[in-house]
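Biologist: I am new to reading protein models. Could you walk me through one, feature by feature?

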Amino acid sequence: MTEITKDIELELLKAMDSYNAIAQLLIDKLITETDQPEKAAIRAGHYFEIQNADLLNGQENLSGNWCFDVHGEHCMFMHVATGQTLEVSLGDKESIANLDPYFFYLFLKTTEQFRHLAEYFESPFSDTLSFFEKLERDQKMINVYGVNFRKLNSVE
């Protein structure tokens, strides 16, 4: 892993905030633009009920040109034109802010404004995991479970 300076760390923390904001927007699109069988439970925060459901508008993609694939505990969103990719944890409302090291790396690599940050992680999974563990030691992230981490909101 290339040395991460304080300035780069701040950029990475901002990228985490951006990931979280986009993930929330995409989950909201998925809930409102698809025919989810358990919509009431999902609106109550039970995101594990989200399924690959038909779009209400009869189109192939969510508005904004996003495709999605619900699988297991995740939903993969990909922007059809740019290739920007977010792999979002499902569970409850807080779960969407969970970051898996490889999936966060993939977000960096496929997001134009953050692409330069992906270069700091020579080994996409292990280097990003090491960075998350450092942030956990610095009390800027918490380990939620396994290799899933979440940025603490009080971090600037």
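Modeller: We will go from the whole chain down to single residues, keeping in mind that this is a predicted model.

Biologist: Let's start with the big picture. How many helices and strands does the protein chain have?

Modeller: The protein chain has five helices and five strands. Read along the sequence, they follow the pattern α-α-β-β-β-α-α-α-β-β. The radius of gyration is 16 Å, close to the 15 Å that the globule rule gives for 156 residues, so the chain is as compact as a globular protein of that length. Along the principal axes, the C-alpha atoms fill a box of roughly 50 × 30 × 25 Å.

Biologist: What share of the residues counts as buried?

Modeller: Of the 156 residues, 46% count as buried.

Biologist: Now a helix, please. How should I think about the way its residues point?

Modeller: An α-helix has 3.6 residues a turn, so residues three or four places apart point the same way. Now look at helix H3, residues 101-110. Its buried residues are Pro101, Phe104, Tyr105, Phe107, Leu108 and Thr110.

Biologist: What covers the buried residues of H3?

Modeller: The cover includes helix H1 (6-33), strand S3 (85-89), helix H4 (115-118) and helix H5. Look at the start of H3 too: there a side-chain oxygen of Asp100 reaches to within 2.9 Å of the backbone nitrogen of Tyr102.

Biologist: Which residues is His79 in contact with, apart from its neighbours within four places in sequence?

Modeller: Those are Gly64, Asn65, Trp66 and Gln84. With Gly64 there is a specific reach to see: the His79 side chain comes to 2.9 Å from the backbone oxygen of Gly64.

Biologist: Asn65 was in that list. What should I look at there?

Modeller: Check the backbone angle phi. For Asn65 phi is near 70°, a positive value in a residue other than glycine. Asn65 sits in the loop between helix H2 (39-43) and strand S1 (66-71), and its 35% relative accessibility makes it partly exposed.

Biologist: Where is Gln139, and what is its phi?

Modeller: Gln139 lies in the loop between helix H5 (124-137) and strand S4 (141-145). Its phi is near 60°, again a positive value in a residue other than glycine. At 63% relative accessibility, Gln139 counts as exposed.

Biologist: How far apart are the C-alpha atoms of Gln24 and Asp54?

Modeller: They are separated by 20 Å, and the two residues are 30 residues apart along the chain.

Methods
Residues are numbered from 1 along each chain as its sequence is written. This is a predicted model: local features need pLDDT of at least 70, side-chain atom pairs count only at pLDDT 80 or more; totals for chains, interfaces and linings use all residues. Side-chain values use heavy atoms; hydrogens and water are left out. Helices (H or I, at least four residues) and strands (E, at least two) are DSSP runs, numbered from the N terminus. The radius of gyration is taken over C-alpha atoms; the globule rule is 2.2 Å times the number of residues to the power 0.38. Buried means under 20% relative accessible area, exposed over 50%, partly exposed in between (1.4 Å probe, protein chains only). A polar contact is a pair of N or O atoms within 3.5 Å; within protein, one must be able to donate a hydrogen and the other to accept it, and residues adjacent in sequence count only if both atoms are side-chain atoms. Contact means heavy atoms within 4.5 Å.
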